[in-house]
Amino acid sequence: EADRLHHLLARHLGSAEQVRLLAVRYAGLDTVGHYYLRYAIPDAYGDVSEDERRRFGRVLDDYYAYVDTLVGDALSSLGENDLLLVVSGFGMEPLTFGKRLLERVIGDPRFTGTHERAPDGFLLAYGEAVAPARQARGAVVDVAPTLLYFLGLPVARDMDGIVRSELFTRAFNAQRTITFIPSYRVP
């Protein structure tokens, strides 16, 4: 419900105001991953019953499908000069056997997914300014400098990350220069 509400509020705000940057975090997917990963990949755990597989095996996939509809809705509302970034900073992996045992004894036995040793996340970019290509691996710290560049704002020299200008078309990049300021920190 929180993801749906945040999506509706963002959609309303985006259509009611001239917004230069609108960010929405769908936290439900992370929560569902932590608690339902074991049912999505039961062979990694070895103790998931057939009844649990039947009842809960599709929860994670179904939630991904739900978030896909939210992203599709945002995509359908993109304007001519808009950029939509879908960012996942990290993946999800099963807890190790020892940590699952620890969760059963002193934690939450339903908690079975972790970001430790998990695969990297991803970034998907949509909009007219986006160059259609699979780009080289980046880092989550590249998102803020890249957004500043897209918005025509300078990048702070004390920021982590780099501008990923290769995400954009040659025509878009021809109109932009990467500029810098010392910092965005208030003295």
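The legends below describe close-up views of a predicted model.

**View 1. Helix α2 and its kink.** Helix α2, which runs over residues 28–40, carries a kink of about 50° that is centred on H34. H34 is itself among the buried residues of this helix, and the others in that set are G28, D30, V32, G33, L37, R38 and Y39. One of these buried residues, R38, also takes part in a network of salt bridges that links it with D47 and R104.

**View 2. Helix α6 and the elements packed around it.** Helix α6, made of residues 143–150, is mostly covered, since six of its eight residues are buried. These buried residues are V143, P145, T146, L148, Y149 and F150, and they pack against the strands β1 (84–90), β4 (120–126) and β5 (155–156) as well as against helix α7 (170–174). Just after the end of α6, the backbone at G152 adopts a positive phi of about 80°.

View 3. D108 forms a salt bridge with R110, with the closest N and O atoms 3.3 Å apart, and R110 is exposed, having a relative accessible area of 55%.

**View 4. The salt bridge between R185 and D158.** Side chains of opposite charge can pair when their charged atoms come close. Here the side chains of R185 and D158 meet in a salt bridge with an N to O distance of 3.1 Å. R185 lies in the segment after β6 (180–181), whereas D158 lies in the loop between β5 and α7, so the pair ties together parts that are 27 residues apart in sequence. R185 is exposed, with a relative accessible area of 66%, and D158 is partly exposed, with a relative accessible area of 34%.

Methods. Residues are numbered from 1 along each chain as its sequence is written. This is a predicted model: local features need pLDDT of at least 70, side-chain atom pairs count only at pLDDT 80 or more; totals for chains, interfaces and linings use all residues. Side-chain values use heavy atoms; hydrogens and water are left out. The bend at a residue is the angle between axes fitted to the seven residues ending there and the seven starting there. Helices (H or I, at least four residues) and strands (E, at least two) are DSSP runs, numbered from the N terminus. Buried means under 20% relative accessible area, exposed over 50%, partly exposed in between (1.4 Å probe, protein chains only). Contact means heavy atoms within 4.5 Å. A salt bridge is a side-chain nitrogen of Lys or Arg within 4 Å of a carboxyl oxygen of Asp or Glu.
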